[in-house]
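I opened my notebook on this one to see how its pieces pack together. Here is the structure I was looking at, followed by my entries.

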Amino acid sequence: MTEKVVSFEQAVSWIEDHSTVLVCGIENIMLPDRTLKALEDRFLTTGHPCGLTEVHTTIHGMGEGVGLERFAHPDMVKRVIGSGFSFLKTSNMTKMLRENQVEAYVVPMGTLFEILHQTGAGEDRTFTRTGIGTFVDCDVEGGRMNEISSEPICEKITIKGKDYLCYQNPRIDVAIIRGTTVDEDGNLTVEQEPVNGGVLSAAMAAKASGGKVIVQASRLARRGSLHPRSVLVPGIMVDYIVIDPEQSVSGGAGVNPSLTGEIKIPVSEIPELNLDCKKVIARRAAMEIGKEDRVINLGVGIPANIPMVQVEEKGQIESIFFPEHGSIGGVPAERKIFGVNRNPSAILDSSFVFPYYRGGGLDITFLGFGEIDQQGNVNVSKFNHIVPGCGGFIDITHRTKKMVFCGTFSAVGAEFQIGNGKLTIVKEGKQPKIVKQVEQITLNGPMAYKNGQELLYITERCVLRYGEEGLELLEAAPGIDIDKDICKRIPFAIKADRVKQMPEEIFQ
């Protein structure tokens, strides 16, 4: 063994109070959770390290007591900066955030990756136009997610007549990253991971800051035995190695090979969708894909069903689906491992996805929504007592010409009967999703419309569009009373003088 290979306890023992800790992971994918547990155990036993600043590009850990939840202790963490926090109402970190026990800031995922690139290059600041007019704009909320977060995390600077958000690049004291195989020198490979997770950018940011890099892997290889083309993070950037032979397999052992490209499974092996309101929305959304719309981004939730709609109804996948974590082609996987594709044709590093998006590489995107308001604004970042943040949403919507937002008309307890070409509302949801004013602006509707972007909103009972006169009702489901089930449930007037019927076949 060399000096780099240490126990989990040793790896976290040198992390000092008030350090800035950067953690990789995409929910439960590439999650270095055993290292995080060692860090949590040290704090619970000794009270140190305390006053940490935790930074993450993507929510890491999805479940009770894992990932980001391991930092959810009073005094352990002073500030949390990330693209989101949790989709779960049971999250202790969200509880701390809402009770003002921790400063919490949201920065778009693509911007965070750019910040890591700039930090790794030794630059002091990062400039971007992404997020102007949304809640991360310092003239709006500055990414602040609670009252204790008193100062905006960015400032606005005008350069040659154009506004930019300017971020002070952080000093990264420690980066905790994960892979599959690491050799005795610290060279790291990710052959059993379905994405790269930006771990190279994380390591470079830490080294440029004078910080340390901890690598967690499932197996240790002899020095010099790894093929150089397989190495993602070179050993010169790694300080400590910890080995977890029981490290969880991203996606699960049965699914993982089809996510990493090791094998391609028959599409027939993927379960068909049940006929419910989510499938209805996905079917109607899929009709928006034109012949020229080849490269498509899909958001979490309902949009991820669109490829299976193509398979079921056309016998093949006609489009190239490209989620923000880097898988290109194939079929997006289920919600619990969102962001990866089965049978991908390529896997791009997460940190390079967003420059492609911002450069106009997407033809169309399908995204979810938490709330929509009369200005066409969309909120996915803070609603109904959860704080999922924006993830890559703001980066995706920055330049994509056509955006289709998919979601149910209401939430919490809604029940429907679907069949025979029509929709029947059995029970209305308790939580309205079309509101007078969104709680937080994740997409600025008027600004997007002014930029020439097309905004469409699809629910199980109607299709809406944002235009010059505000929200307009384009289509209503067969079996729906337009006035009673749509217009009177929207707390503002909408244009509804040329309403067509949604296609009957999507309700069969």
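**Entry 1: a helix pair.** I started with helix 7 (residues 277-286) and helix 8 (residues 306-314), which pack at an angle of about 80° with their axes 9 Å apart. I keep in mind that this is a predicted model. Angles from 65 to 115 degrees count as roughly perpendicular, and helix 7 and helix 8 are therefore roughly perpendicular to each other. Next I listed who meets whom: Lys279, Ala282, Arg283, Ala285 and Ala286 in helix 7 meet Ile306, Val309, Glu312 and Glu313 in helix 8. I sorted the residues of this contact by type and got five nonpolar, no polar and four charged.

Entry 2: I then traced an open sheet of seven strands, whose order is 4-3-2-1-8-11-13 with parallel pairing. Which strands stand at the edges? I found strand 4 (103-106) and strand 13 (240-243) there, each with a single partner strand, so one side of each has no neighbour in the sheet. On average, neighbouring strands here are turned by 15° against each other, direction ignored. I zoomed in on strand 1 (residues 20-23) and strand 8 (residues 174-178), a parallel pair with three bridges. Val23 stands opposite Ile176 in strand 8.

**Entry 3: helices across the strands.** I looked for what lies over these strands. Helix 2 (residues 33-46) lies across strand 1, strand 8, strand 11 (212-217) and strand 13, and runs at about 125° to strand 11. Helix 5 lies across strand 1, strand 8 and strand 11, at about 160° to strand 8. Which residues of helix 5 are buried? I noted Val199, Ser201, Ala202, Ala203, Ala205 and Ala206. Their cover includes strand 1, helix 4 (109-120), strand 8, strand 11 and helix 9 (350-358). Helix 5 is followed by Gly210, which has a positive phi near 80°.

**Entry 4: the cores.** I turned to the largest nonpolar core, which has 80 residues; Ile15, Phe71, Phe85, Met93, Met145, Ile177 and Val233 touch the most other members. Helix 5 (residues 199-208) gives the largest share of this core, five residues. I also found a second, separate core of 67 residues, with Ala282, Leu298, Leu362 and Leu455 among its members.

**Entry 5: antiparallel strands.** I checked strand 7 (residues 162-168) and its pairings. Strand 5 (residues 125-128) runs antiparallel to strand 7, joined by four bridges, and Thr126 has Tyr167 as its bridge partner. Strand 6 (residues 154-159) is also antiparallel to strand 7, over six bridges, with Glu155 partnered by Cys166. Strand 6 and strand 7 form a hairpin with two residues between them, and Lys160 in the turn has a positive phi of about 50°.

Entry 6: My last stop was an open sheet in the order 10-9-12, with mixed pairing. Strand 10 (188-189) and strand 12 (219-221) are its edges, each with a single partner strand, so one side of each lacks a neighbour in the sheet. I followed strand 9 (residues 181-183) to strand 12, a parallel pairing over three bridges, where Val182 has Leu220 as its bridge partner.

Notes:
Residues numbered from 1 in each chain as written. Predicted model: local features only at pLDDT ≥ 70, side-chain atom pairs only at ≥ 80, totals over all residues. Heavy atoms only, no water. Core = buried A, V, L, I, M, F, W, Y, C linked by side-chain atoms within 4.5 Å. Buried < 20%, exposed > 50% of the residue type's maximum accessible area, 1.4 Å probe, protein only. Pairing = 2+ DSSP bridges. Axes fitted to C-alpha atoms, helices over the stretch in contact; angles between N-to-C directions. Contact = heavy atoms within 4.5 Å. Parallel < 35°, antiparallel > 145°, perpendicular 65-115°, else oblique. Nonpolar A, V, L, I, M, F, W, Y, C, P; charged D, E, K, R; others polar.
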